[in-house]
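Please consult the sequence and the structure shown below alongside the text.

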Amino acid sequence: MSEVFDLSSVDAYLRDLQDRLCAAFERADHRARFREDLWEREGGGGGRSRILTGGELFEKAGVNYSHVWGDALPAAATAQRPQLAGRSYHAAGVSLVLHPQNPYVPIMHANVRVLVAERAGADVAWWFGGGMDLTPCYGFVEDAAAWHANARAACEPFGADVYPRFKKWCDEYFFLPHRGETRGVGGLFFDDLNEWGFERCFAFQRSIGDSVLTGYLPIAERRRATPWGERERSFQLYRRGRYVEFNLLYDRGTRFGLQSGGRTESILMSLPPLARWEYDWLPEPGSAEETLLREFLRPRDWL
């Protein structure tokens, strides 16, 4: 592993990625613009939170950049790495969530991040993490296949085993055990990545971050004009409830942000503006809603 770790280059890439993503989403939306909030963390660091609401394509879109540091890693970061407990740290990343207006346009989440842990007299420990996943309310095999083909293309320069490995990790991570279903059709998830050395790991992070737009926007454009009514809207809000359940119960990033004293409004920007729950709801047999539950919310080889 390379011992040269260049945090400033990673940080510069993350800032630029946030700018490019926001510009592209504004162009795609046609109407709304991002509001930016600059914030500082009392224990060190801060970030730029950008939120778009009430758009033509997006009911809510959030693209956040943060870079925080502190004297001791939060428990969420040391649960799997107890040997790093007590180290000072830097954590930087870009995280985004898109909640579209049209129920036929899928929800999308992505993030890329880096964490560095230091202690006097010890080697610097660092690792990259991130990924992207797609959460449709109405499933289309064409969309799921295109999403995964884009994810595989982003991984291909780094080895034939990378896409299957991180696709499987995504299926396992974005799973709601209390519901017995995946959050959506998956994508990629990776964490603790440092075995390739800094340059290659950083190149992989850039490949994933840069592939977000080529993966999502063609799907959004294909579905944005699909007619919908109250039935589809009601089901969209119901499925958003599952999204809320995962983010509040299981998501590592949410736990890390809250434990590290991050800005709560920015941490919870991933939640949809509206959601609903219904007791013991069952889909109509043979409906598109049943098809989603039966065929799309389980691990599957989409390629």
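The model is predicted: local features need pLDDT of at least 70, side-chain atom pairs count only at pLDDT 80 or more, and totals for chains, interfaces and linings use all residues. Residues are numbered from 1 along each chain as its sequence is written, and side-chain values use heavy atoms, with hydrogens and water left out.

**Helix α6**

- Helices (H or I, at least four residues) and strands (E, at least two) are DSSP runs, numbered from the N terminus.
- The 12 residues of α6 should span 16 Å at 1.5 Å a residue, and the 17 Å between its end C-alpha atoms agrees with this; the expected span is 1.5 Å times one less than the number of residues.
- Buried residues (under 20% relative accessible area, with exposed over 50%, partly exposed in between, 1.4 Å probe, protein chains only) of α6 are Val 212, Gly 215, Tyr 216, Leu 217, Ile 219, Ala 220 and Arg 223.

**Helix packing**

- Axes are lines fitted to C-alpha atoms, for helices over the stretch in contact, and angles run from 0 to 180 degrees between N-to-C directions.
- Helix α1 (residues 7-29) packs with α6 (residues 212-223) at an angle of about 10°, their axes being 12 Å apart.
- That angle makes α1 roughly parallel to α6, a term for angles under 35 degrees.
- In this contact (heavy atoms within 4.5 Å), α1 contributes Arg 20, Leu 21, Ala 24, Phe 25 and Ala 28, while α6 contributes Val 212, Leu 213, Leu 217 and Glu 221.
- The axes of α5 (residues 198-210) and α6 come within 4 Å and cross at roughly 15°, which makes α5 roughly parallel to α6 as well.
- Ile 208, Gly 209 and Asp 210 of α5 meet Val 212, Leu 213 and Thr 214 of α6.

**Aromatic rings**

- Rings of Phe, Tyr and Trp (its six-membered ring) pair if their centres lie within 6.5 Å; planes under 30 degrees apart count as stacked, over 60 as edge-to-face and the rest as tilted. The count by this rule is 31 aromatic pairs.
- Tyr 173 and Phe 189 are stacked, at 4.1 Å centre to centre and 15° between the planes.
- Tyr 173 belongs to helix α4 (residues 162-173) and Phe 189 to strand β9 (residues 186-193), so their pair ties together parts 16 residues apart in sequence. Both residues, Tyr 173 and Phe 189, are buried.
- Trp 196 and Phe 204 form an edge-to-face pair, because their planes stand at 90°, with ring centres 5.5 Å apart.
- Trp 196 is partly exposed at 23% relative accessible area, whereas Phe 204 is buried at 0%.

How values were computed
Parallel < 35°, antiparallel > 145°, perpendicular 65-115°, else oblique.
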